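Here are some notes to read beside the model. Take the points in order, and keep the 3D view open.

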Amino acid sequence: MKKMLSLALVCALLLALLVSVASAEVPALKGPGNVTLKRLGGNVGFDVNANYMVDIIKQATGYDVEYFSLPAQNADEKLLMDVAGGADYDVINVNVNQWRTLMAQGALMPLNDLLDAYGQDILAGNSADAWKALSDKDGNIYGVPYMYPHSQEIASFMACRWDLMQAAGIESIPTTIDEFYSCLVALKDYYGDEYIIFSGPYKPASEGNENWVIPKTIACAFGIYSDWMVADDGSVYYMTEAPGFAPMIEFLTKLNNEGLLDPDWAVNTDSTVNEKFSSGRAIIACSNRAGVQVTTPAQMENLNLTYDDIGYIGALKGTDGTCTYMRTEAFNQISCILRSSKNAADAINWMNLKVQNQLFICIGVEGVHFNYDDKGMIQPINPIFANERGDSYWYIDATNQPAYEVQWPSRIRKSDAQWAAFNAITIKATAETPEIFVPNRFTFMPASEAFTKYNTSLFKSLQDFILQVLSGTRTIDDLATFQSDWANNGGEEVRAELEAYIVSQAE
Amino acid sequence: MTGSKKTITNKIPLGKSERITVVIANIVLTIFGLIAIFPCLHVVSKAFSLGTRVTAGQVLFWPNGFQLETVNYILTKTSFFTALKNSLIVFALGTFISMITTITTAYPLSKPAFKGRKVISLLYVISMVFFGGIIPAYMVIRTIGIYNTYWACIMPFAIVQFNMFIVKNYFEGLPESIEESAKIDGAGDIRTLVSIVCPMSKPVLATISLLYAITYWNNYFHVMMYTNSTEMRTVQLYLYDIINNGQSFAENLYSGMYSGGVSISPNVTTDGMVAAAVTMSLIPIIALYPFVQRFMIQGITIGSVKG
C-alpha cells in the first residue's frame, strides 16, 4: 500500500513537472480571426473603436482588436484598480511612471521568449539600451519601448516678429546670448513700451527635459541642459552647481530689471502668450510647435504677416561660443502585457505585425497619402493624410525606431506653420551645429528609491528659488543657503544613486 | 367718462423705503445676473468665432467673424452624439429605476405596522453616513459583472438614502384613512401605492425625480471609474476628454484646412473647440430648464420643510 502511495506521489510530481515544463514553453499563436485582442491606451478625445485606424490596423495585421482608454483624470488610480480588479487586457500602453508602478506590483509578464518567438521586428527596431531599461536585474524584459519619435529636437524655442525686428535695425536673427540681449535692448530703445519685448509662459516645472521656469534656449547658452548633468569625469552635478547657473539667473534678472521681460511672465499661460504674440502685442515669445501652429495663422490673418515676417530663435550660444541642448531621446510610451493575459503570444505577434507595416499604418500609401521629395523626405498629401492617418499616433505600441525617426517628421510637415519652425530650428541645428546636442545619460535609468522619493520636491524648491530671485525677494547670494537646504533634503542621496548608475554604465 | 377705469387689486401699496429696496434689489440682482451670464456669452461667442480671432484674444461677448465649422466638427467628427445618447439613457433609465426603488422602499418604511422598520431605517442611515469606499465599490461593480455597462453608471445611485427619507416622511404625512378606504374597496398594497399614494404625492415625487435626474446628468466620477471605453462616455466625460485632447483634435483639423501647401485661416483651434463642446453640451440642459425650474425651487426647500 505504501509502495502504491509512493508511486502515486512520484507520478503526481512528475505530472506537475511536465505541466510546469509545458507551461514554460512559449504559448502557441491562436492567430488572426481566432482571437479578439483587448488593448488599453491613454486618454484620447475621439471614439477609439469607431476610428478609421481600427480598419487600417485590421487590414495590416488581420487581428480584431477592442480598444479601451484611460480617463483624463485619475488615470494612474484607474489603471491600478483595473489591473487589481482582474482586467483582461492583452496589451496595456502606458507612460513610464505607470509602467514602473505596474512593475513594482509584479503585474507584468516577462516577454523574452515571446519576443524571441513572435517579436523579432520589435526587438531589432530598438536599441539594446532601451531593452535593458525595461528589464529587471535578471534580464527579463517587461515592456516594449515606443521611443520619442525624434531623438534630437529643439522642442522649445522662441518665435519672433522679424518684420518689427528689422524695422528696429536688427540685421539678423540672434544666435548668441549677447546678440539676443542686444536685440532685446534695441527693440526696447526703438519701441519703448509700445510692445512687450519678450514674453513667455510660467509653467509648473518638472524634472529632466520637461518644463522649466527658464527658457531652455537661454539656459543652453550657460551650459545648462537638465536638472541633473554629468561632467566629463563622470561626476554628477545639479543645475544649481553648474558654473553657468548664477550668471544665467543674473542675466534673467537683468532682463527683468531693464523691462525687457513681459511683466506678466509669472502669471502667463501658453494660451495668454499665444494671445499676446498673435494679436501683435509681443515681439518675441517662447513657443513650441503647438504654439506656432495657432499663432502663425492668426498673425497672418489679423496682422497681415507672411512667413517672411516671422522668425525663429533656436538654441543660443554662450559668450564662449558653446551651447548644450539635451537630446530628446526618451520613452514616449511603453507597451506591456499583464501576467493574466491569455493572448500574450498573439499580442506580441500583433505588435510585431504593426511594426512590419509601420509605414502603411502610421504614414500611409505612397502616392495616396504621401510622396517623397527631392531630399528623400516624406511629403504628406493633405487633406487625405490628416483625414486617414492623423490619429495613428494613439494606436502605436512599438516602432522600428530608426525608421520612425525618418517617417515621423512628415506628421509635422502636414502643418506649414509647424514645419517652418521645425525646419528653421531643429533641422538647421542638426545639420549645422550637431555638437550642441548632449545625450541624456539618465534616459534609460531604472527607477531608484531616492530619486523617486526626493527629486520632484528638489526640483520644486529649485523652481521656487528661481522665482524668488527673479521677483527680488531673494538674491543669487542666497544660492549657498539653497544649496545647503537642497543637500539636506535628499539632494546628496539622489546624487549618490545617479553616480552609481553612471559608474554601472561605464562597466 | 372713458379711460378712467379703476382696477381693484389686492396688492398692498409699497412704502417709499420699500420701493427703494425693491429698486436696489432689482439693480443688484441684474448685475449679478449679468456677471453670471457674461462668461457663458464669452464661451458661446468663442464657439462661433474665427479661430484666428479666438487665438488672438479678440472675442469677448459676441462672435468675431461668425463661422460654424467648429460646431460642425464637434457634432460630426467627435463622439458628441454617442456621449449625448449615453447621458440620456443613464439619465432617463437611472431616474426611472431610482424612483421605483425609492418609492418601494419608502412606502413600507412609512408604515408603523411594518415590523423591523426601525432597524432597516437605521441601516439606511448608517449607509448614508458611512461610505464603504471607492475600491470596495469598484470591486463590487466588477464582481457582479456590470463594469463598463450602463448599469455601472446607474446602480451607485439606484437609491439615495436622503431622497428616500424625504419621500418616506411625505408618505407618513398622508391621511391613513384614505388608504383604509381603498383597502375596504378591495385594493391591495401595490394598487394602493400606485393608485392612491403616488398620485397624492406628486409634488414630492416630481422634486425627487428631478434631484435624481440632475445627479445622473452631472455624474462624472462614477462613470469615469466604472467604464473604460470611449463608447460608454457620457457628456461630462466627453467634455473633459475634449478639453484634455483639444490640441490633438485641432492639429488634425488644422492640417486638413491646407490648400495647395499654402495655409489658409483655420477656424478651429483648441480653445474654440472646447468652447463649442461646452456650448453644445449645455443645449439639452438649457432646453429642459424652463420646464423643471418650478420643481428645482421646490427641491431646494423641501429638505428644510420635510427633512
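1. Salt bridges between the chains. This is a predicted model. Start where chain A meets chain B. Two salt bridges are found across that interface. A:E301 and B:R53 form a salt bridge through their side chains, with 3.8 Å from N to O. That pair passes the rule because a Lys or Arg side-chain nitrogen has to lie within 4 Å of a carboxyl oxygen of Asp or Glu.

2. What chain A brings. Several elements of chain A supply at least two residues each to the side that touches chain B. They are the strand β2 (64-69) and the helices α3 (75-84), α12 (270-278), α13 (289-302) and α19 (416-432). Which of them gives the most? It is α13(A), with nine residues. By class, this side of chain A has 20 nonpolar, 19 polar and eight charged residues.

3. Extent of the chain contact. Chain A puts 47 residues into the contact, and chain B puts in 44 residues. Together the two chains bury about 3700 Å². Carbon and sulfur atoms account for 50% of that area. Polar contacts are present too: 20 residue pairs are counted between chain A and chain B, with both residues at pLDDT 80 or more.

4. Two domains in chain B. Now look inside chain B. The domain assignment gives domain 1 (18-77 + 245-303) and domain 2 (80-226). Note that domain 1 is written as two stretches. Where the domains touch, domain 1 contributes 13 residues and domain 2 contributes twelve residues.

5. About 1100 Å² is buried between domain 1 and domain 2 of chain B. Of this, 84% comes from carbon and sulfur atoms. How many salt bridges are counted between these two domains? The count is zero. On the side of domain 1 that touches domain 2, two helices of chain B give two or more residues: α3 (69-77) and α14 (270-306). The largest share, eleven residues, is from α14(B). This side of domain 1 holds ten nonpolar residues, three polar ones and no charged ones.

6. A helix pair in chain B. Two packed helices are described by the angle and the distance between their axes. Take helix α5 (residues 117-129) and helix α8 (residues 161-172) of chain B. Their axes come within 9 Å and cross at roughly 145°. On α5(B), the residues in contact include B:R117, B:Y124 and B:M128. On α8(B), they include B:F162, B:F165 and B:E172. The contact of α5(B) with α8(B) divides into six nonpolar, three polar and three charged residues.

7. Salt bridges overall. Over all chains, the count is 25 salt bridges. One to find in chain A is the salt bridge between the side chains of A:K276 and A:D262, at 2.9 Å from N to O. Where do these two residues sit? A:K276 is in helix α12 of chain A, while A:D262 is in the loop between α11 (245-257) and α12. The two residues are 14 residues apart, and the pair links distant parts of the chain.

Definitions and conventions:
Residues are numbered from 1 along each chain as its sequence is written. Chains are lettered from A and ligands numbered from 1 in the order in which they are written. This is a predicted model: local features need pLDDT of at least 70, side-chain atom pairs count only at pLDDT 80 or more; totals for chains, interfaces and linings use all residues. Side-chain values use heavy atoms; hydrogens and water are left out. Contact means heavy atoms within 4.5 Å. Buried area is the accessible area (1.4 Å probe) that two parts lose on being put together, summed over both. A polar contact is a pair of N or O atoms within 3.5 Å; within protein, one must be able to donate a hydrogen and the other to accept it, and residues adjacent in sequence count only if both atoms are side-chain atoms. Helices (H or I, at least four residues) and strands (E, at least two) are DSSP runs, numbered from the N terminus. Ala, Val, Leu, Ile, Met, Phe, Trp, Tyr, Cys and Pro count as nonpolar, Asp, Glu, Lys and Arg as charged, and the others, Gly among them, as polar. Domain bounds come from an automatic or database domain assignment. Axes are lines fitted to C-alpha atoms, for helices over the stretch in contact, and angles run from 0 to 180 degrees between N-to-C directions.
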